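Here is a friendly walk through the model on your screen.

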Amino acid sequence: MARAVPTRTKWFNTATAGTLGFLMFFPILWILILSFKTEEDAIRAPLEVLFASDWTTQSYGAVQERSDYFKHFMNSVTISVGSTLLGLIIAIPAAWAMAFVPAKRTKDVLMWMLSTKMLPPVGVLIPIYLIFRDFGLLDTRVGLTFVLMMINLPIIIWMLYTYFKEIPGEILEAARMDGATLREEVIYVLTPMAIPGMASTVLLNIILAWNEAFWSLQLTSSDAAPLTQFIASYSSPEGLFYAKLSAASIMAIAPILIMGWFSQKQLVRGLTFGAVK
Amino acid sequence: MATKASRASARLMISPAVILLLGWMIIPLSMTLYFSFLRYNLLQPGPTPFVGWENYYWFFTDPSFSAAMINTLVLVGGVLTITTVGGICFALLLDRPMFGQGIIRIMVIAPFFVMPTVSGLVWKNMFMNPVNGIFGRIATSLGFQPVDFFGQIPMASIILIVSWMWLPFATLILLTALQSLDQEQLEAAEMDGANWRNRFWFIMLPHMARAITVVILIQTIFLLSIFAEILVTTNGGPGVATTNLTYLIYVSSLLQFDVGIGSAGGVVAIILANIVALFLMRMIGKNLDA
Amino acid sequence: MNVKRKLLASAATIAGLASLSSIAAAEEITIATVNNADMIVMQKLAPKWEEATGNTINWVVLEENVLRQRTTTDIATGGGSFDIMFIGAYETPIWGAKGWLTPLDDFADDADYDLEDIFQLVRNGLSADGSLYAVPLYSETSFTFYRTDVFEKAGVEAPTEQPTYDEFAEMVAKVHDPDNGIYGTCQRGKAGWGENMAFIGPLANAFGAKWFDMDWQPQLDSEEWNNAITYYVDLMNNYGPPGASANGHNENRALFKDGKCATWVDATSAANDVRNPNTSSVADVTDFFQAPKQVTSNGTGWFWSWALAIPASSKKADVAKDFLKWGTSKEYYEMVGESEGWVAVPSGTRASVHEDARLLEAAPFAETIKQAIFSVDPANPTKDPVPYTGVQFVAIPEFQGIGNYVGQQIAAALTGQATVEDALANSQKFAVREMTKAGYIK
């Protein structure tokens, strides 16, 4: 930063990085293009697709008509937001206690929580399936919300914990000196200071829940099916289907892609449990 | 500061989370353990007698078992190598001065947000299909025989798809780490005559070490249970070429409906995961400020 | 779920009280279906039933392999996620005998429905212990689709009698023209007992192979199997499209309709779609001959029905039955004819439909299909006697697992990941394990 960088070097860097960035992004760009083509045009040679065919939005209409995008979209929203908020309610007190009243075993408890993330989901699929059947939770939003809440709970606690740790204890003590009760302390002092941290926790967990593809495929069928299920119904074609598959894919990833772009910075921290900031 | 009263209330505040996680772990786990000792096939209703270690015998002697172990290692190892090495290169490149860095960064990071079912289907059809996919089209137009990705190099194809998703993750984290590097230190080294290689080797790489460990650890957690990408592309085949441990258990419990053997496999997978976890936790523990 | 039902019930009660008339509570039923063309048509026409009855339908559209896994899990655990499911000639008798399906014998009492009109052979395939457990949307055997224009151009006569697989390979070699984008033959390569094994099974039968001998000993390492699979791998590698190991029924259908294949041995039920000018680019230049034989003609064409059944766990069986009757009624086929054209009417189920003049005019091949279906004998599928029934499958619950594994091994042989010998040796080992586990053999 301190030195001036020759413009030529800068251009060279831009060209190299730009090419690589474009290659990484190309698959997404390509399905975006295909989604605005007719089925017949979508399977033509790449150059013909680009320069010798018309643009249309008919695939989007076809996808909505066939598999009711909005229903799945609303399920995805309900389930990912619901599981995150539910997780927050349980995680905030826990993270608060661990950050401000650390005990000898706090670190062990945190480690143990993280280790539950390592259970291979397939190992407990049948028991969960049977439990869900007995409680009438199969194919319900409540059931899937609960499962996703449980698998993301360790991450939520960890993230909040690292954010809470950064809040200086003196401020809390000062509040306590002024006679604030525990409840007031949490609501009026802690929460406002923790809002940025909570916001990024919420973002990351919505993204993880949105893209979760094991439990959502196994435990839902129609009423509660989120967008992962919606996409799976395109896994074997009937006739030409590239344009429809592209349109469905774009509709499934767009909301989360946009959210993700806005929250890159926070993501790093959340995904590394505070190890990289 | 920590009075007895606050200790008690702290415990109270932690307990919902701990009880839930404990229940989430113990209830299904003990059921899996219990099922693994029963002859229990969903397609054969009726009594489910206790059969001791029989299911474990069948699972370990499954001809696919050793293949699945090797495939799991290859898949995790391959993706880790590509993403870590690639991630370091990308991070170094993106850290240099350039125009429009923000936009380039957004493009690099985007694949991480694509859900696994979508990336599996898109790569399988629009890119790797030998007749209508882009790679096939390019090969044909240049006069080459198109590559049948999932037929000839199935595991490499899966590794490619999974790496496409995780390379941005590694890049993002390593770049963040690199950007926190003290510029003055680098400049001082340059003044002292250290060339780029030395600066990379002795300053940048050690600085990134912690982030690299974290990238490896966290990816391992997710990569051990890769499922959706295999399900929508190869279904574990051809043969057992892309069957990993997760997929093998899925096959026994949900395609052969043998809950007993599937559960035995689940127990094995959990034990293996715990060995890895124990090892990872040691390392991760040092790197996290708990 | 329960709360919702209670709410619905109370809402209906209120509505009933208000109008002082007895309206049946509108129900919502969930149907699991495969994404085949005829089911998509049903999905399109279903709003008519919804309007007429006030009920609503939730469609769960899945790919065939996934559909099987989901429906089997659901029915075997009594999950109750579905009120109606599309199942086939393999599952229906097995599940029916276990009491997992609602018997449909009362359909016989409905004169309008006319159960007798459905072919006896098909009804038998969907019954267990004398009770009917599913009603067919369509039934099929396999035969050979071929391109008349391509055959003519290459100077090849299409056979009038059942050819042998050797003769078939000769024809395929002559019409193979990859430079012009036409592959000699497209056959299923995607692993799965209902995918590649549906083609391999009859092929193996033709070569004199069998799954099990009379003592239930697996026979997959026999010379006959080796001959059949070697033939298959050579045929596909020499004259098939690239990437054949990813192609199932739907993929091949798309390739054939797109004009990329000269021959294709597959389901008769695809004929109406391939010959439909609205959906196919080769509608005018496709014709059919029998699926080839080799050392025997027993079991060279498969038998399958896609049928609607009601799980015993469904709590809305009455509404579901009403939909079943609607979806397989004479009026339904009439409706398809009116809206999609008579060429698109599903075949192989009702005698009256096959006699309908409108169908015979639009789809002259319907008679060929009917004859082909009637010629199948699932009770004698092989050259030598065997203890099982079923042409392209073995009607025992263990077959799904074995068939899927063997399918994967053959896909590996097809792509060159394994030799034919290794693939069959692995398959044999697996089959012996499974049959030992299940107690058929010691």
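## Confidence in chain C

Among the elements of chain C, helix α1 (residues 2-19) has the lowest mean pLDDT, 48, while helix α9 (residues 223-239) of chain C has the highest, 96. Residues 11-23 of chain C have a pLDDT below 50, and in the model this stretch makes six contacts beyond near neighbours in sequence. Where pLDDT is low, the predicted coordinates should not be read in detail.

For chain C as a whole, the mean pLDDT is 89, and 94% of its residues reach 70 or more. The model scores are ipTM 0.86 and pTM 0.86.

## The two domains of chain C

Chain C is assigned two domains, both made of two segments: domain 1 (26-140 + 304-362) and domain 2 (142-302 + 379-437). Their centres, taken over C-alpha atoms, are 27 Å apart. Where they meet, 18 residues of domain 1 of chain C and 15 residues of domain 2 of chain C take part in the contact.

Which elements build the domain 1 side of chain C that touches domain 2 of chain C? At least two residues each come from α2 (37-53), α3 (64-76), α4 (91-97) and β6 (135-140) of chain C. The largest share, three residues, belongs to α3(C). Sorted by class, this side of domain 1 of chain C has ten nonpolar, four polar and four charged residues.

## The two domains of chain A

In chain A, the assignment gives domain 1 (1-67 + 234-252) and domain 2 (70-233). Here the C-alpha centres of the two domains lie 34 Å apart, and six residues of domain 1 of chain A are in contact with five residues of domain 2 of chain A. Helix α13 (residues 242-262) of chain A supplies the largest share of the domain 1 side, three residues. That side of domain 1 of chain A holds three nonpolar, three polar and no charged residues.

Helix α13(A) is worth a look of its own. Its 21 residues reach 29 Å from first C-alpha to last, close to the 30 Å expected at 1.5 Å a residue. At I253(A), α13(A) bends by about 40°, and a proline, P255(A), follows within four residues.

## Where chain A meets chain C

Finally, the two chains come together through 19 residues of chain A and 26 residues of chain C. On the chain A side, helix α7 (residues 125-134) gives the most, with three residues. The chain A residues that touch chain C divide into six nonpolar, nine polar and four charged.

Definitions and conventions. Residues are numbered from 1 along each chain as its sequence is written. Chains are lettered from A and ligands numbered from 1 in the order in which they are written. This is a predicted model: local features need pLDDT of at least 70, side-chain atom pairs count only at pLDDT 80 or more; totals for chains, interfaces and linings use all residues. Two residues are in contact if their C-beta atoms, placed from the backbone, lie within 7 Å. Ala, Val, Leu, Ile, Met, Phe, Trp, Tyr, Cys and Pro count as nonpolar, Asp, Glu, Lys and Arg as charged, and the others, Gly among them, as polar. Domain bounds come from an automatic or database domain assignment. The expected span of a helix is 1.5 Å times one less than its number of residues. The bend at a residue is the angle between axes fitted to the seven residues ending there and the seven starting there. pLDDT is the predictor's confidence in each residue, from 0 to 100.
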